[in-house]
Amino acid sequence: MRISILSFLLLLSLVQPSRAQDGLSDELKEYFKKSVLNKVKRLEHYITLIANKSMDDNLRKSSISQAVELFEDENRVVQISSLANGKETIIDRPVRTYFDRLYAIKAEKVVITFYKVTQLTDVRLGPDDKYYATAYIFQDTKIYYKEANEVPDYTDVTEKAIDITIKPDTTIVGDKTVILYPAKLGNINVKETRATQ
Amino acid sequence: MHIQRSLCFVLCLCGSIAQGQVMYDWENRAENFHYRVKNIEFFIDRFNNQPEGSGSARAANPKDTAACIAFMKERDQKVFSLFDLAHLDKKDAALKEKINTFFRDINNPYQPRFIRFEDMYWFAELMFVVQHGAQKKKLRCVMQVMPAGKSVLVWAIRSFHAADLKVDERFRTSELYFPPSVNGTDFMNVRLALNDPAWVNEKLKKQDSSRSATLRQFYGGDLKIEMIERITYHFLQLEGWIMTVNYVNRESKNSGWLIDRLWAATRQEKVNYLKELSVD
């Protein structure tokens, strides 16, 4: 474990010197992208776990807290927009409430699948010395009210746009100052919800 | 180098692709998602024929004829895919001529024209549905990408406008700023911030914003944004042209942020357009 942390820090120290004065080097951008995609993958993993009713209940509950920890803070919201009878409705839910509701869906079986088509915008520097980007993920949900049902009772496809923030954090390792770039998730905009059947 | 080409072939070729793209096909939904122009930055990258998420514009070397032709051909197809093809009448000869002229203007080997996120000559127009007393009203808010230091960009509110509410305010500075990625989640942070009295109060202490009656109404709770009903991007960056980009929500590869209006415009017409947008 210690070796892997050291090698991680070493990798960061190798990446930093190439940071351009007036912008981000391609190396650092690439590093950011990997770091962000890793966070997004973890979010997808937790969403799948929380929704999966065949998993251990304690594991599902602890996944809620771990999913919330991926965010900058608990004040981040998930904006859900849905179309019903041609009318758009928008609801804001704090992240924890969003995951709690996902956990409590009244159904015997919930299957959430993420397509491997995550996309990330260019990373840009903001006025507060943080870096900003947006990630897009694509989710397919199937809900079975009875486990025995072969055909899902409800299905939808949603596209989630996620605010990403990277705040540089300076730490000292031995006699070296190392800058870490932890990525955090921000507000989420659930862009579309469409019935697929 | 002498590159000759007829852009009519672009319309014919892309027309056939387009017909396939507008097909309703759930089996291809992951592919549709991949092609959908999900972010205006991806729109810019695709318009410039650059990888999505790259954020830069590089043309092919005009001395390398083969590379240049390949780049132009690819760009023609990509730019065509950025039009709302379901609402493009392929039999309209005048429209065909206009698009061909546009392609010739922007995609020539010697002086290709690109659009840039960093360029200030483009705007986002947000149409808010606001709660004003017991009534629902529309409030237009125009935002612009502005520099805020070395290599730092922000989205800043440039104006509020609502004839109904007798609101017509302009902001000269970038005091009402948001992170450069705020467009990614459809400006939801703008809605949340304007509905947050603490954020508005902080801005009311700034010189330019302190005069804003609209901000004071937000602060006092007399105005509350219920939703952002529509977002339109206005691009004035291309010499001789104005184009508007809107979100098209349909199960197709030809979806997302697409060009819905394109017209030739002189410099004076652009100045007049800025007045219409309330950012003059």
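Predicted model: local features only at pLDDT ≥ 70, side-chain atom pairs only at ≥ 80, totals over all residues.
Chain B contains nine helices and eight strands. The C-alpha trace of this chain spans about 60 × 40 × 30 Å along its principal axes. The radius of gyration of chain B is 21 Å, which agrees with the value near 19 Å that a compact globule of 280 residues would have. Of the 280 residues of chain B, 37% count as buried. When contacts in chain B between residues at least 6 apart in sequence are considered, 61% of them join residues at least 24 apart.

Two helices of chain B were examined as a packed pair. In general, such a pair is described by the angle between the two axes and the distance between them. Helix α7 of chain B covers residues 197–204, and helix α8 of chain B covers residues 213–220. The two helices pack at an angle of about 150°, and their axes are 9 Å apart. The crossing of α7(B) and α8(B) is left-handed. On the side of α7(B), the contact is made by B:P197, B:V200, B:N201, B:K203 and B:L204. On the side of α8(B), B:L215, B:R216, B:F218 and B:Y219 take part. By class, the residues of the contact between α7(B) and α8(B) are six nonpolar, one polar and two charged.

The largest nonpolar core has 51 residues. Within this core, the residues with the most contacts are B:F43, B:C141, B:M143 and B:V245. Leaving aside residues up to four places away in sequence, B:M143 touches B:F123, B:A124, B:L126, B:W155, B:A156, B:I157 and B:R158.

The contact between the chains takes 27 residues from chain A and 30 residues from chain B. Five strands of chain A each supply at least two residues of the side that touches chain B: β4 (119–120), β5 (124–125), β6 (131–144), β7 (154–166) and β10 (183–195). The largest share of this side of chain A comes from β6(A), with five residues. Divided by class, the side of chain A that touches chain B has 12 nonpolar, nine polar and six charged residues.

Notes: Residues numbered from 1 in each chain as written. Chains lettered and ligands numbered in written order. Contact = placed C-beta atoms within 7 Å. Helix = DSSP H or I, 4+ residues; strand = E, 2+ residues; numbered from the N terminus. Nonpolar A, V, L, I, M, F, W, Y, C, P; charged D, E, K, R; others polar. Core = buried A, V, L, I, M, F, W, Y, C linked by C-beta atoms within 7 Å. Buried ≥ 20, exposed ≤ 12 C-beta atoms within 10 Å, placed from the backbone. Rg over C-alpha atoms; globule rule 2.2 N^0.38 Å. Axes fitted to C-alpha atoms, helices over the stretch in contact; angles between N-to-C directions. Left-handed = near helix turned anticlockwise from the far one by under 90°.
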